[in-house]
Amino acid sequence: MQVHFGVELLRAEWLGAVVCIGTFDGVHLGHQEVVRTAVSRAAELEQPCIVVTFDRHPAAVLNPAKLPKAIASLEENLVIFEKLGAAVTIVLPFDKALSETHAEDFFSNILVKKLKADSVVVGHDFAFGKGREGTPEWLEKRIETVIVPAYEIDGKRVSSSDIRRAIESGRLDEASRWLGRPFELPGVVVPGQRLGRQLGYPTLNLARSFDQIIPADGIYAGRCVTRFGDYKAAISIGFRPAVQGKARTIEAYLLDYTGEDLYGSAVLLRFHLRLRDEMNFPTLDALKDQIAVDVKEVAASV
């Protein structure tokens, strides 16, 4: 899949295209259905499917006080678009200028002139342009438009807001079901207290690079993708009361990992199952015994 940041340098040599537009916050199953519909329509017309999305949530400009935390990184979103079959993704900078662009100007100058759209696919509740002028019904009057209805599981509409609430409360099974994949948390490995080494369970300490939502404090079974491979991982999130921790940390103990130090490396945590709440322990030996139980459960569950 080709990725372009903005359309200034885009050279569209195709004669027509199917374009789907959306914020795609987390690219959950509902968003995936929009992209999948666009890919299918593009195949029928023998045209490329182009995904148009934004470099940040529109609320970052329109209502910063209510800006939601990100569910997924832009990189993760792009990987999913490619897996779904998109040929090109256009990432537009959602700045003040774009927020003040009228729907007619966006439609004429970007969708038609730049992308050569013959057909547009959008979700039922999507709108674009200043004042959300460009509703699906507005588009239908100007171009072939496919409106994808709300995606439901067991009669409940899948939404980014519900996914955030599930992650924040530690209900990773629900979040994963609605996302269609395990929740992922990328980060960079940085030095910690090195207490895990003393206990016989050395951990990776993660530092993040953007304001992503974090699961509730507790212990989780998951996996950690590193430059050396993909490993089962016991993941801890919290303040580590047993060792008088003063800051919230994200740590992971990798089962069967024998590689080199990963300090400074990028890694990816995938959360599969919540094992328990964060707990305090009277002694380090008691903590070590519980870690052994947690690691055994991780080994058997992921």
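Leaving aside neighbours within four places in sequence, which residues is D294 in contact with? They are I219, L275 and R276, where contact means heavy atoms within 4.5 Å.

## The model and its overall make-up

This is a predicted model, in which local features need pLDDT of at least 70, side-chain atom pairs count only at pLDDT 80 or more, and totals for chains, interfaces and linings use all residues. Residues are numbered from 1 along each chain as its sequence is written, and side-chain values use heavy atoms, with hydrogens and water left out.

The protein chain has ten helices and 14 strands. Both are DSSP runs numbered from the N terminus: H or I over at least four residues for helices, E over at least two for strands. The C-alpha trace spans about 70 × 35 × 35 Å along its principal axes. Of the 302 residues, 49% count as buried, and buried here is under 20% relative accessible area, exposed is over 50% and partly exposed is in between (1.4 Å probe, protein chains only). Take the contacts in the chain with a separation of 6 or more: 73% of them come from residues 24 or more positions apart.

## The open parallel sheet

Six strands make an open sheet in the order β1-β4-β3-β2-β5-β6, with parallel pairing; two strands pair if DSSP finds at least two bridges between them. The edges are β1 (2-5) and β6 (144-148), each with a single partner strand, so one side of each has no neighbour in the sheet. Ignoring direction, neighbouring strands here are turned by 20° against each other on average.

Inside this sheet, β2 (residues 17-21) and β5 (residues 117-123) run parallel and are joined by four bridges. C20 has V121 as its bridge partner in β5.

Helix α3 lies across β1, β3 (49-54) and β4 (88-92), and runs at about 155° to β4. Angles run from 0 to 180 degrees between N-to-C directions, and axes are lines fitted to C-alpha atoms, for helices over the stretch in contact.

Helix α1 (residues 29-45) packs with α3 (residues 74-84) at an angle of about 40°, the axes being 9 Å apart. That makes α1 oblique to α3; angles under 35 degrees count as roughly parallel, over 145 as roughly antiparallel, 65 to 115 as roughly perpendicular, and the rest as oblique. On the α1 side the contact uses Q32, V35, R36 and V39, and on the α3 side I80, F81 and L84. Sorted by class, that gives five nonpolar, one polar and one charged residues. For the classes, Ala, Val, Leu, Ile, Met, Phe, Trp, Tyr, Cys and Pro are nonpolar, Asp, Glu, Lys and Arg are charged, and the others, Gly among them, are polar.

## The antiparallel barrel

Another six strands close into a barrel, in the order β9-β10-β13-β12-β11-β14 and with antiparallel pairing. From one strand to the next the twist averages 45°. Strands β9 (residues 183-190) and β10 (residues 204-207) run antiparallel, joined by three bridges. Opposite V188 stands A207 of β10, and opposite V190 stands N205. N205 also has E251 as its bridge partner in β13, and two bridges join β10 to β13 (residues 249-254), again antiparallel.

The contact brings together D162, I163, A166 and I167 of α7 with L172, E174, A175, W178 and L179 of α8. By class there are seven nonpolar, no polar and two charged residues.

## Two aspartates

Back to D294, which is found in helix α10 (residues 284-301). At 5% relative accessibility, D294 counts as buried.

D105 belongs to helix α5 (residues 103-114) and counts as partly exposed because its relative accessibility is 39%. D105 and G129 are 24 residues apart in sequence and 8.3 Å apart in space, C-alpha to C-alpha.
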